[in-house]
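This report looks at side-chain packing, aromatic contacts and strand pairing in the structure shown below.

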Amino acid sequence: MDREEVFSKVADICKEVFDDESLEVTETSSAKDIEAWDSLTHLDLISALEDTFQVSFTLEEFSGAKNLGELVNYLMKHLSE
Amino acid sequence: MYSYRELRKAARQPVQVTQLKAAVLGNCSTQLFSSVLQGYANLEGLDLSVLDTDYNGIEFQLRDEGSEVFRYQPDLMILWIASEKLYEDYLDADYNRREQFAEETMDSVRGYWSLIRQHSNARILQMNFTEINDKALGNYSAKVDKSFIYQLRKLNYLLEEAMHAEQDVYPVDLLSVQVQLGQREFFHAPMYYSAKLSVSVNALPYVAKAVTDVMKALCGTIKKCVVMDLDNTLWGGIIGEDGIDHIEIGELGRGHVFTNLQRWLKQLKEYGILLAVCSKNDEELAKEPFEQLDEMILKLSDISVFVANWEDKASNIRLIQKTLNIAMDSFVFLDDNPAEREIIRRMLPEVAVPELPEDPALYLEYLQTCNYFESASFDIGARDRTAQYQAEYERNKLQAEYLSIDDYLDSLEMKGRICVFDKEHAARIAQLTQRSNQFNLRTVRYTEGEIDQIVDSPDHIPLYFMLKDRFGDYGLVGIMILKRRSDRTAFVDTWLMSCRVLKRGMEEYMMNGMAAKLLDLGYTTIESEYIPTSKNSMVRDIYKQMGFEEYEPCHYRLDIKEYQVKKTYIRDDRL
């Protein structure tokens, strides 16, 4: 899966997790930009990504990611392992 | 089982009419659990509203009769004391007191129960304790009374004993969820360390099921009768075709499977569940195994209604229902034949129809996981008065110990410390500015580099605050960054506090500390600001409460000389 495909899946997951069908995200989108992105929905996002891509984030990755782009970086890293 | 995502989604549906209110109290983060529970109840058609309380707020909530949780007037209080946190407390406790850990923990649990009873009529749903074996002495730990595993297992035993004596406490068997899923599924260390979740996200639906099952039983939705098919359900083989000599029952091979199923059903009968037979057979033939095979655990005398004929099973179940005069939704229907199960589901949707696995060896495990027979009472005949007197004695003991919140706070023996920023703590300070949302007046985020600059800046008075109490050290829990506006005036650029120490008097301690510090440095005025966000409404009025004047909306000023030192039970910790 290339980065574009991964990101498009991530964008779909964001719509579901943040409960907003019209949500448009970019790699720089972060909790600051998305109102529904709080500490609880962050866990939803992480677990949805883990389930969808069958990967496990490390503690540092999932509590340290500053924006979606960084999460995609980690996903790409795990997917290539 | 519903998935986690399904349940979180369902939790967003508004509850139409609340019939039942539950409050969740825990020493771990329970927010997500509360949401999943709400979702589970919504999907199961239970009109439930759930109130989640602050992480680690049990003591605070229960010792104050005006607290959020008592004002909510819940019908149920769910108490979740996570072993992960207990384990940390255990390790922080004095080495010589570890033999008493189970007893002491049980004392505080009993204390919670008695506080709940003082201020509420809520029934208590008490989670039992999951297992952690830290292998500190390897397998040998199991015989060393100091070891955590020894104390934890003892604690579960003490809990069972204590609950046995209390009518309004209902167990939630969290431990059996852990055993069912296995620790790798049940616990997710990164989630624990990042969000203080003591179970994994994917285990939450199972925990929610356990709690919902108990709530349903409390609401009176219980199963009262098992309707059983015979051939290949209660025994192996088909009596009408294979004949009595080839029926599988006993202790050998497949027979053993059916024997154990019967043993379990017999036990249900002993607990008051009615057993009925519904079989497509000639009645005489169907009764043969009961009459002729000694290995049959169930006897005809155990069966309340025996229906064997060639009519359709839905009609027969209606007949059984009329005979027993119990509601259709109190029946469970056991049949190995998927076609029969499908017909009953369609014709009698209220009847519970477990989807029995193809392999009979798996029947029993599957049925036990379904947990159809949740009960909210058990008639044991005459109650043992001794245990009641013992429980009452414990209750009184704890009530006497703490009369009020003040006594309680005082008993914590809290010690605080004020320090000026140093580079050593810069990372932790930066992290707090980035993560704190709720108790954060202006939500200014700083990087570690920026904190380093503030340390060196002559125009800043950056303070951090430490807290500990008799149970442990919270570490660095609060930050105040004061900026020089003039020789006389300082501005509170940042005030934030970790929510772990909310309502311990730390806010007052911090304000006292800041006022004293600024007075010392020759300042006369403090100015401050509250910048509202979607998450920090809890501190909206704090400056006013602390005696500041709001000179324009969200801007405050205090004449330090006028400041009245706030009462707090936190004493200065001198090195």
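## Nonpolar cores

In this predicted model, A:Leu45 is in contact with A:Ile13, A:Cys14, A:Val17, A:Phe18, A:Trp37, A:Leu68 and A:Leu71, when its neighbours within four places in sequence are left aside. A:Leu45 belongs to the largest nonpolar core, which has 67 residues, and together with B:Phe33, B:Trp80 and B:Leu125 it is one of the members that touch the most other members. Helix 11 of chain B, spanning residues 204–218, supplies the largest share of this core, namely eight residues.

Apart from this core lies another one, made up of 43 residues, and B:Leu409, B:Phe465, B:Met497 and B:Met546 are among them.

## Aromatic pairs and a cluster

Over all chains, the structure holds 20 aromatic pairs. One of these joins B:Phe187 and B:Tyr192 in a tilted arrangement, with 5.9 Å centre to centre and 45° between the planes; B:Phe187 and B:Tyr192 are both buried.

B:Trp264 and B:Phe373 form an edge-to-face pair, for which the values are 5.9 Å centre to centre and 70° between the planes. Because B:Trp264 lies in helix 13 (residues 253–270) of chain B, whereas B:Phe373 lies in the loop between helix 17 (363–370) and helix 18 (385–401) of chain B, this pair ties together parts that are 109 residues apart in sequence. Both B:Trp264 and B:Phe373 are buried. Elsewhere, one aromatic cluster is formed by B:Phe439, B:Trp495, B:Tyr543, B:Phe548 and B:Tyr556.

## Lysines over tyrosine rings

Two lysine side chains of chain B can be described by their position relative to a tyrosine ring. The charged end of B:Lys146 sits over the ring of B:Tyr95, at 4.0 Å from its centre, while B:Lys21 lies over the face of B:Tyr72, at 5.1 Å from the ring centre.

## The eight-stranded sheet of chain B

Chain B contains an open sheet of eight strands with mixed pairing, in which the strands follow the order 15-16-14-13-12-11-10-17. Strand 15 (549–552) and strand 17 (571–572) of chain B stand at the edges, and each has a single partner strand, so one side of each is left without a neighbour in the sheet.

Methods. Residues numbered from 1 in each chain as written. Chains lettered and ligands numbered in written order. Predicted model: local features only at pLDDT ≥ 70, side-chain atom pairs only at ≥ 80, totals over all residues. Heavy atoms only, no water. Pairing = 2+ DSSP bridges. Helix = DSSP H or I, 4+ residues; strand = E, 2+ residues; numbered from the N terminus. Core = buried A, V, L, I, M, F, W, Y, C linked by side-chain atoms within 4.5 Å. Buried < 20%, exposed > 50% of the residue type's maximum accessible area, 1.4 Å probe, protein only. Contact = heavy atoms within 4.5 Å. Phe/Tyr/Trp six-rings, centres within 6.5 Å; stacked < 30°, edge-to-face > 60°. Lys NZ or Arg CZ within 6 Å of the ring centre and 35° of its normal.
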